[in-house]
Amino acid sequence: MMEVEICNVKFKNPVIAASGTFGFGREYNEIFDVSKLGGIVSKGLTLNKREGNRGIRIFETRSGVMNSVGLQNPGIDEFIKYELPFMLKLDTVAIANLGGESIDEYIKGAQMLDNTRVQFIELNISCPNVKHGGMAFGIKSKVAYEVVSKVRGVVKKPLIVKLSPNAENIADMAEKCCEAGADAISLVNTFKAMAIDIKKRKPVFENVTAGLSGPAIKPIALRMVYEVASAVDVPVIGMGGIANYKDAIEFIMAGASAVQVGTANFIKPDICISLIDGIRNFMETEGIKDLEEIRGIIRR
Ligand SMILES: Cc1cc2nc3c(=O)[nH]c(=O)nc-3n(C[C@H](O)[C@H](O)[C@H](O)COP(=O)(O)O)c2cc1C
């Protein structure tokens, strides 16, 4: 059985498209049937429309991608009017990813999303590419506690809190977010990283640093998912460099209930379908009836 249940919501399989790499599902749905996925996460949303950062936004490295998009998005109002109806029409779990520059902005955004039919809010306290806010909330667990508990206070929907790998102590961060009312934890967002254009003698990115994702981060992300899954009782959604079904199974064995796929969508747009097929075949050949049999198995 590939079905997984997270916070009483059924996912037809454990493969979810990650925020910022899948838009709102529209373009991908022209390439393959997006309703075959376990779920999709919206691009990071903020209360007001954002144009995003200036300069280069995506830069390829030998083993991953650096991005400095800066939460470009149409704003929550526009999302609710024009994008969410489409997401909800797809027969898959719809998750809204929420960013912000202040606690107040997170609260207002969460209230607006709570009044929609979106199934989850994923609170992004981990974006390294916005100057104010973003990752600042995801480094110190005391600050994270404050934002999560305030948002929790105004929303009824299940709340996933998305952690930054740049947190001072990832397990402590996850525990504090759960104390504050997180119903699930997702991790990791991108790693703060840097690239220099030696001809220009300048950093590649206007903000000097940018977020690294893709194959380079997988072993570190996997270790962090293992540590967090060992520390908390809520479901954990793992991501970071997942590019094939074996990577996904590793995250599940480390304790993840589901996985998200980001950068790999850029390389092969229907990669999530290959993952679903690969996991199904693996289960058949290994005689696994339910993913619960292997979830967190390396700790048993
Ligand atoms: C171009 C790009 C844009 C992203 N935008 C967001 C975002 O808006 N909100 C968010 O929570 N994560 C965002 N992420 C992070 C991904 O959702 C994911 O956490 C990260 O890339 C690690 O997974 P991966 O290695 O499979 O890409 C973005 C990543 C990329 C590459």
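The protein chain of this predicted model has 10 helices and 16 strands. Both are DSSP runs numbered from the N terminus: helices are H or I with at least four residues, strands are E with at least two. Local features need pLDDT of at least 70, side-chain atom pairs count only at pLDDT 80 or more, and totals for chains, interfaces and linings use all residues. Residues are numbered from 1 along each chain as its sequence is written, and side-chain values use heavy atoms, without hydrogens and water.

**Overall shape**
- Along the principal axes, the C-alpha atoms fill a box of roughly 55 × 45 × 40 Å.

**Packing**
- Of the 300 residues, 58% are buried (under 20% relative accessible area, 1.4 Å probe, protein chains only).
- Take the contacts (heavy atoms within 4.5 Å) with a separation of 6 or more: residues 24 or more positions apart account for 70% of them.

**Ile 237**
- Ile 237 sits in strand E15, residues 236-238.
- Ile 237 is buried, because its relative accessible area is 0%.
- Beyond its neighbours within four places in sequence, Ile 237 is in contact with residues including Ile 6, Ile 16, Ile 160, Leu 187 and Val 259.
- Phe 251 lies 14 residues from Ile 237 along the chain, with 8.7 Å between their C-alpha atoms.

Technical notes. Buried means under 20% relative accessible area, exposed over 50%, partly exposed in between (1.4 Å probe, protein chains only).
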